[in-house]
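This report goes through selected sites of the structure shown below, beginning with the ligands and ending with the backbone.

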Amino acid sequence: MTKTVLEVKNLWVEYPARRGVVQAVRGVSFDLCQGETLAFIGESGSGKTTLGLALVRLLPKSARVRQGNILFYQNGRVQDVLALSQEDLRQFRWRDCAMVFQGAQNSFNPVLRVESQFYDTARAHGMTGTAHVKQRAIDLLRMVQLDPNRVFRSFPHELSGGMRQRVLIALGLLLQPQVIILDEPTTALDILTQRSIIEVLRKLKKELDFSLIFISHDLSLAAELADRVATVYAGTIVEIGGVYDIFERARHPYTQALTHSVPTVTGDLRDLTSIPGSPPDLIVLPPGCAFHPRCPFATQRCKEQEPPLEPVGEGQFAACWNWREAMNKT
Ligand SMILES: Nc1ncnc2c1ncn2[C@@H]1O[C@H](COP(=O)(O)OP(=O)(O)O)[C@@H](O)[C@H]1O
Ligand SMILES: [Mg+2]
């Protein structure tokens, strides 16, 4: 039995800019189940961070959510995240849904010890009892494979980037959220540290039953962690499905190009073909399918009509007019 914890329906987010309107998230819909890891992959600038920020309503002031629903299910209740009051929103963040931002490991308050970061977060969200907070923090630090005796009293600068990222993950789990969003949690860390963070996340997932939204441009990490994968192109999901299907039986030409450009999970190198052309300008999108200028399978229809996500396999959906042709040629 899989329970839905989060349901996003037709979400549109834009940033007005001098040159025009940046269409950062365009009609995104998906659901997330209890205990599931859903990875969002795609090139830089495709709208992944904007999507994550929209889910916890932490978009910059200039952003506009033009349309959509974000529904959060818990204990038989449903909350519409976009309709929450400021106070309810404060509770929703961290308690129900926590997010660790891209690059956050470098933005710790430098004058606060790790313990204060835990106490402050707890206090801000109504978690009381110093002893209780301390115990939970120490348990979590152990779970992320840090030595609590050393780390709890440390200042951020005394820790490595990888250790700071683990502290942030532990901090994100402090209030026992149902959902945690990790935006590029391993970017800027060396390969070994990346691996160990992925290991930590796997272990945490086994011990605590949260759902995870994992945002990454690193496909091999997504492949190791995700149950399902969504490919994002030009602000929209162009393919979504089980991790195996996405990596072994991608139907969208963009997913195919992405997954063919990295080594597979099993370690055998495929053709390192990079995708010709460049990502589209989100202010002036190409008509029809946004991927058509870079797509080897594009036809006249692709230049005129944007394809909807449609079933292409068991639990797999792709937005491509020519996925059958693409399938036969790869
Ligand atoms: N605060 C902002 N103001 C204007 N444009 C923005 C802002 N943040 C992001 N963008 C633009 O929105 C698009 C999506 O960005 P982002 O969500 O950061 O993508 P990703 O996380 O996939 O790299 C990009 O074109 C980016 O330049
Ligand atoms: Mg990003």
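## Basis of the description

This is a predicted model, in which local features need pLDDT of at least 70 and side-chain atom pairs count only at pLDDT 80 or more, while totals for chains, interfaces and linings use all residues. Residues are numbered from 1 along each chain as its sequence is written, chains are lettered from A and ligands numbered from 1 in the order in which they are written, and side-chain values use heavy atoms, with hydrogens and water left out.

## Magnesium site

The magnesium ion (ligand 2) is coordinated by OG1 of T49 and OE1 of Q102, at 2.0 to 2.3 Å. Donors are N, O and S atoms within 2.8 Å of the metal (3.2 Å for Na, K and Ca); water is not among the atoms, so sites may look incomplete. The two residues link distant parts of the chain, 53 residues apart: T49 is in helix α1 (residues 48-55), and Q102 is in the loop between β6 (97-100) and α3 (114-124). Helices (H or I, at least four residues) and strands (E, at least two) are DSSP runs, numbered from the N terminus.

T49 counts as partly exposed because its relative accessibility is 26%. Q102 is also partly exposed, with a relative accessible area of 43%. In these terms, buried means under 20% relative accessible area, exposed over 50%, and partly exposed in between (1.4 Å probe, protein chains only).

Oxygen atoms of ligand 1 make polar contacts with the protein: a backbone N or O atom of G45 is 2.6 Å from one, a polar backbone atom of G47 is 3.1 Å from one, and a side-chain N or O atom of T50 is 2.5 Å from one. The protein covers 66% of the 560 Å² of accessible area that ligand 1 has on its own. A polar contact is a pair of N or O atoms within 3.5 Å; within protein, one must be able to donate a hydrogen and the other to accept it, and residues adjacent in sequence count only if both atoms are side-chain atoms. Accessible areas come from the Shrake-Rupley method with a 1.4 Å probe; for residues, only the protein chains shown count as cover.

## Buried residues

G52 is found in helix α1 and counts as buried, at 1% relative accessibility. Leaving aside neighbours within four places in sequence, G52 is in contact (heavy atoms within 4.5 Å) with M99, I181 and I215. S211 lies in strand β8 (residues 211-216) and is buried at 0% relative accessibility. A polar atom of the S211 side chain lies 3.0 Å from the backbone nitrogen of G35.

L146 is found in the loop between α4 (130-143) and α5 (148-151), and its relative accessible area of 8% makes it buried. Beyond four places in sequence, L146 is in contact with L141, V151, M163, R166 and V167. The C-alpha atoms of L146 and V167 are separated by 8.2 Å, with the residues 21 apart along the chain. P280, in the loop between α10 (253-260) and α11 (300-304), counts as buried at 19% relative accessibility.

## Helix α10

Helix α10 is largely enclosed by the rest of the structure, because 7 of its 8 residues are buried. The buried residues are P253, Y254, T255, Q256, A257, L258 and T259.

## Positive phi angles

Most residues other than glycine have a negative phi. N75 has a positive phi, near 50 degrees, and lies in the loop between β4 (64-74) and β5 (77-80). N75 is exposed, with a relative accessible area of 69%. Q145 also has a positive phi, about 60 degrees; its place is in the loop between α4 and α5. Q145 is partly exposed, with a relative accessible area of 43%.
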